[in-house]
Amino acid sequence: MTAVSASAPGKIILFGEHAVVYGRPAIAVPVTQVSARVVVSPFPQGEPGQALVQAPDIGLHTELDHLASDHPIRRAITLAFTELGITHPIAFRLRVASTIPVAAGLGSGAAVTVAILRALSDFLRAPLADEHISALTFEVEKLHHGTPSGIDNTVVTFGAPVYFIRDQPIVRLRVGARFTIVIADTGVQSPTALTVGDVRRAWQADPQTYEAMFDAAGEIAQKSRRAIEAGEIEALGPLMDANHEILQRMGVSSPELDGLVAQARLAGALGAKLSGGGRGGNMIALVDPQTAQNVADALLAVGAKRTIITTVPMGA
Ligand code: PMV
């Protein structure tokens with residue numbers, strides 16, 4: 001057997017985070033500038049069933065059996081074995097490397113899992129279909145998110161823009177005209193499970209107010225879908241601004257996110273919002289391609305830790 005590799009992109013949520021957990025639509029797109037890559041190779045010195053796991057980015061170098069049973073990497077590998085009906089695989093080494101910032105709303109956990117499942121199933125000569133990869137990744141996402149909606153595993157597996165509604169068939173989004181987004185990292189790590197849990201408690205305490213906010217976010221996602229399909233990119237700016245304002249009211253923004261959002265608008269962005277779980281992680285700004293670098297520089301000048309300029313290409 002020879003070494004096999006697979007990779008998976010990062011992602012951003014353009015519209016509808018949090019409300020998507022409650023059945024409203026959301027829109028997400030892959031971010032190919034960052035990715036997770038997994039290489040699985042034979043381990044000839046090992047016993048059957050023995051696996052070495054290496055993830056140098058997080059200082060991990062251990063045997064699979066030594067990882068906690070709820071470690072996401074172990075969970076991904078054991079789910080793949082179960083799905084493939086494999087009890088004693090040949091010994092292998094699995095190496096994970098990722099350029100996707102962790103706990104920043106860019107889908108790093110989902111991308112690592114997708115890349116593990118693809119590389120491992122290819123290595124074992126039983127490649128899993130995308131639907132299976134996505135479903136298994138959803139199971140692992142529960143370790144990160146508690147009650148994930150399924151949007152991260154879907155967009156990362158399919159590597160295409162999606163209009164996503166929980167428990168409904170995936171709708172790939174047709175993009176009528178390309179558009180450019182600046183992504184800026186606050187540098188504040190914020191586990192999604194925390195904000196998702198806080199929103200749940202707030203919703204339980206005041207269901208009426210929160211349902212109304214989820215409805216408003218869902219309507220924004222619907223309008224945005226139409227604008228993206230029609231190639232009416234300028235319409236997306238105000239929709240982003242409106243979505244950010246709802247996320248503020250949901251209690252998932254932060255001074256750092258609000259500061260970057262305000263700065264992006266000042267620097268000429270057409271609209272801006274936080275993206276993902278919130279409280280930290282990344283914000284996104286819709287820009288004209290000519291002003292992208294200016295906006296990115298303005299965000300770095302006020303404290304963004306890194307920026308990524310990404311273009312969502314036209315297409316099906
Ligand atoms: O992984 P993140 O931080 O982009 O957050 C996912 C989006 C949420 O709607 C907050 C949670 C979910 O599972 O959809």
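**Exercise 1. How many cavities of 30 Å³ or more does a search of the whole structure find?**

Solution. The structure is a predicted model, where local features need pLDDT of at least 70, side-chain atom pairs count only at pLDDT 80 or more, and totals for chains, interfaces and linings use all residues. Residues are numbered from 1 along each chain as its sequence is written, and side-chain values use heavy atoms, with hydrogens and water left out.

Step 1. On a 1 Å grid over the protein atoms alone, a cavity is a set of points where a 1.4 Å probe fits but cannot get out. A pocket is an open set with protein on both sides within 12 Å along at least five of seven lines. Lining residues have an atom within 4 Å of a point. A volume is the space filled by probe spheres set on the points, which are joined across faces, edges and corners.

Step 2. Count. The search finds 1 cavity.

Step 3. Read the lining. Among the residues are Ala103, Ala104, Ser190, Thr192, Ser275, Gly277 and Asn282.

Step 4. Sort by class. Ala, Val, Leu, Ile, Met, Phe, Trp, Tyr, Cys and Pro count as nonpolar, Asp, Glu, Lys and Arg as charged, and the others, Gly among them, as polar. The cavity lining has 2 nonpolar, 9 polar and no charged residues.

**Exercise 2. Describe the largest pocket and its lining.**

Solution. Step 1. Its volume is about 790 Å³. It is lined by 43 residues, and Val102, Ala103, Ser108, Gly109 and His144 are the closest to its centre.

Step 1. Assign elements, which are DSSP runs numbered from the N terminus (helices: H or I, at least four residues; strands: E, at least two). β1 (4-15), β5 (92-98) and α1 (72-84) are among those that each supply at least two lining residues. The largest share, 5 residues, comes from α2.

Step 2. Split by class: 20 nonpolar, 18 polar and 5 charged.

**Exercise 3. Which space does the ligand take, and which residues come nearest?**

Solution. Step 1. The ligand takes the largest pocket. The test is that more than half of its atoms lie within 2 Å of the grid points.

Step 1. List the neighbours, meaning residues with a heavy atom within 4 Å. There are 16, and Lys11, His18, Ser149, Asp152 and Thr192 come nearest. β1, α4 and α5 each supply at least two residues of this shell. By class, the shell has 6 nonpolar, 7 polar and 3 charged residues.

Step 2. Find polar contacts (N or O pairs within 3.5 Å). A side-chain N or O atom of Lys11 is 2.6 Å from a ligand oxygen. For a polar side-chain atom of Thr192, the distance to a ligand oxygen is 2.7 Å. Gly277 uses a backbone N or O atom, 2.9 Å from a ligand oxygen.

Step 3. Check burial. Alone, the ligand exposes 380 Å², and the protein buries 97% of that (Shrake-Rupley method, 1.4 Å probe).

**Exercise 4. Which helix gives the most to the lining of the second largest pocket?**

Solution. Step 1. This pocket has a volume of about 230 Å³. Of its 15 lining residues, Phe138, Gly150, Asn153, Thr154 and Phe164 lie nearest the centre.

Step 1. α3 and α4 each supply at least two lining residues. α3 gives the most, with 4 residues.

Step 2. The classes are 6 nonpolar, 6 polar and 3 charged.

Terms used
Polar contact = N/O pair within 3.5 Å; in protein donor to acceptor, adjacent residues only side chain to side chain.
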